[in-house]
Amino acid sequence: MSATTSSTAAVEAPPGVRTANGVLMFGNRPVRPVLIMVVFCLGLFMTLLDITIVNIAIPDLVTELRASLETVLWVGSAYSLFYAALLITAGRLGDIIGPRTVFLIGLSLFTVASLASGLAQSPGQLIAFRGAQGLGAALLAPQGLPIITSVLKPEQRGAAFAATGIMSGLGMLLGPTLGGFVVTHFGWRWIFFINVPIGIIAAVLAFAFMPDVRPGLRHRLDLMGVALLTVGLLGVVFGLIEGERYSWGTISGILSIPLVLVAGGVFLGLFLWRQVRLQSGEPLLPFGMFRDRTFTVMTLVLLAAGFAMVGVFLPITIYYQSVLGLSAVAAGVVMGVQSLAMMFASGIAGGAGGSGKVSMKWVLFAGLVMFGVGVLYIIVVAKADSSKWAFVPGLLVSGIGMGCVWTPLFGLATRDLDPAQAGVASGVLDTLQEFGSVLATAILGAVLANRLTADLALEAKATVGTLPGGVQQSFLDGMARAGEGGIRVGAGQASEFAVQSGVSGSTADAIKAAASHTFASGFTDAMKPTMVVPVIVILAAAVAVLTVRPKGRKETEAQEAALLAAVDVPEPATA
């Protein structure tokens, strides 16, 4: 049986039939690649939209649930913790019982947890249900790759990977804008309820059209490995997410962020030690897939891409809202330029990669370089009083660059991948991308906060001379507290610390104006060197891409066989 390349044609798949790539498939469902990708993209869109849309509702959650900001921030952290910690396990589970089954379980759990989140009556309930959403997202996210690699040949996968890139851009684009509209007109609960009809439609379509492929022998799940990996990742991810909140020190009693990170690292070390011992049996993480240099390089590139995207998105978002004073929705509209460019470029890159006329290696290299160049433009033109549209050329170039990254990256990663390991490979790729994002939030958040403290002090000293002598010292002290208090999104962070109680009238207005100017200049100065870090990381990833073979192993072997056949002249018969 061959997988169809037409958007309308279908091939009947009686029990036990194998796909074009030799993967066993059960059931009588026809193979319709377009419908398969529609189902997977609906699930992916829900999870991506949910990540970006929740941030808009934080002020309403604080008010209506009568919770502290620190508690409400756990609404996002709970999701990220379970999502990042369980991706590899979910991918391996798909290899064992089939990606279709795990996708349906994850999609159902995510949909039910979305309904429960919307009905939550307390912060604790909402945090628990958000954790369940993260678990559902972790189960469904890695299942698309094994299905794609099972039913489509490498040269047919460009459009499929382009569709995932388009969905990523659409999720990031609609999150702030749709979230703002929903919260304003219907309330915060509807940012969760909106997932329910999408989830039901996706589940019905998945049950009807997603093929039940079984890529390889039935495996046993290494439960001890699952436990070690999950505890290790939970510890490391928790430490990185919460480190800045606890100033990288004590959480409670003897429990501290360094202790949590070390403990997580120890469990990950024990996990790797166990996997080394099980390589000849049934490991949770087969090391054999890392023998493919291209796959290994792509995992590092994806780690760098996750790091760079958050490393750029985080400071620019704060800049738009805290320096320029834009609302979250308005900031999302401006930054939507980047998402639109990424969607447009993903479609073009998918077509180019599928045609075979352009090497995916060079498309990926060009995309990474363009992303770096676009961010460098933003760094150069950024000023404390820039127009909100000043970054648009850089956002366009970086968006086009990222659009040229996803399709070739996954195409190269899966080019020589054994379908029997596609599930766990997908989990590894997703985990490293998520880990890159968490790493960027922790490292660059700390760098930005430290730079802000220093730059606010310098700007305050330069500005204090414009104020009356009686309030100058209190102004300097207030700006120092503003820097030490960390970064919070929204206008007015500095002025609340700078205005001394009892000061009013024109003096208070002058202090607020001076504080606003100081914070804008200080944050802009702190933002620039912070954004240089992701540029360096992404350009290093571009250099790593140069080590990838332009052609896959199977293609090279086929060409060599054809060449040998062409020059193999039979010996003349002897008398």
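**Labels and their grounds**

Modeller: The chain contains 20 helices and 5 strands, and the model is a predicted one.

Colleague: What is the mean pLDDT of the chain, and where does pLDDT stay under 50?

Modeller: The mean pLDDT of the chain is 80, with 83% of the residues reaching 70 or more, whereas over residues 1-15 pLDDT stays under 50, although the model has 42 contacts beyond four places in sequence for that stretch. Where pLDDT is low, the predicted coordinates should not be read in detail.

Colleague: Why is Thr-518 called buried?

Modeller: Buried means under 20% relative accessible area, and Thr-518 has 0% relative accessibility, so the residue counts as buried. Thr-518 is found in helix 19, which covers residues 505-545, and, leaving aside its neighbours within four places in sequence, Thr-518 is in contact with Leu-456, Glu-459, Ala-460, Thr-463, Phe-475 and Met-479. The C-alpha atoms of Thr-518 and Leu-458 are separated by 8.9 Å, with the two residues 60 apart along the chain.

Colleague: Why does Cys-404 count as buried?

Modeller: The relative accessibility of Cys-404 is 16%, and since buried means under 20%, Cys-404 counts as buried. Cys-41, at 8% relative accessibility, is likewise under that cut-off and therefore counts as buried. As for disulfides, the structure holds 0.

Colleague: What makes Phe-267 partly exposed?

Modeller: Partly exposed lies in between the buried cut-off, under 20%, and the exposed one, over 50%; the relative accessible area of Phe-267 is 32%, so Phe-267 is partly exposed. Phe-267 is found in helix 11, and together with Val-231, Val-262, Val-266, Leu-270 and Trp-273 it forms a nonpolar patch on the surface, with about 540 Å² of accessible area together. Helix 11, residues 257-278, supplies the largest share of that patch, namely 5 residues.

Technical notes: Residues numbered from 1 in each chain as written. Predicted model: local features only at pLDDT ≥ 70, side-chain atom pairs only at ≥ 80, totals over all residues. Heavy atoms only, no water. pLDDT = per-residue confidence, 0-100. Contact = heavy atoms within 4.5 Å. Patch = residues over 30% accessible without salt bridge, like charges linked within 9 Å, V, L, I, M, F, W, Y side chains within 5 Å. Areas by Shrake-Rupley, 256 points an atom, 1.4 Å probe, with all protein chains shown as cover. Salt bridge = Lys/Arg side-chain N within 4 Å of Asp/Glu carboxyl O. Helix = DSSP H or I, 4+ residues; strand = E, 2+ residues; numbered from the N terminus. Buried < 20%, exposed > 50% of the residue type's maximum accessible area, 1.4 Å probe, protein only. Disulfide = S-S within 2.5 Å.
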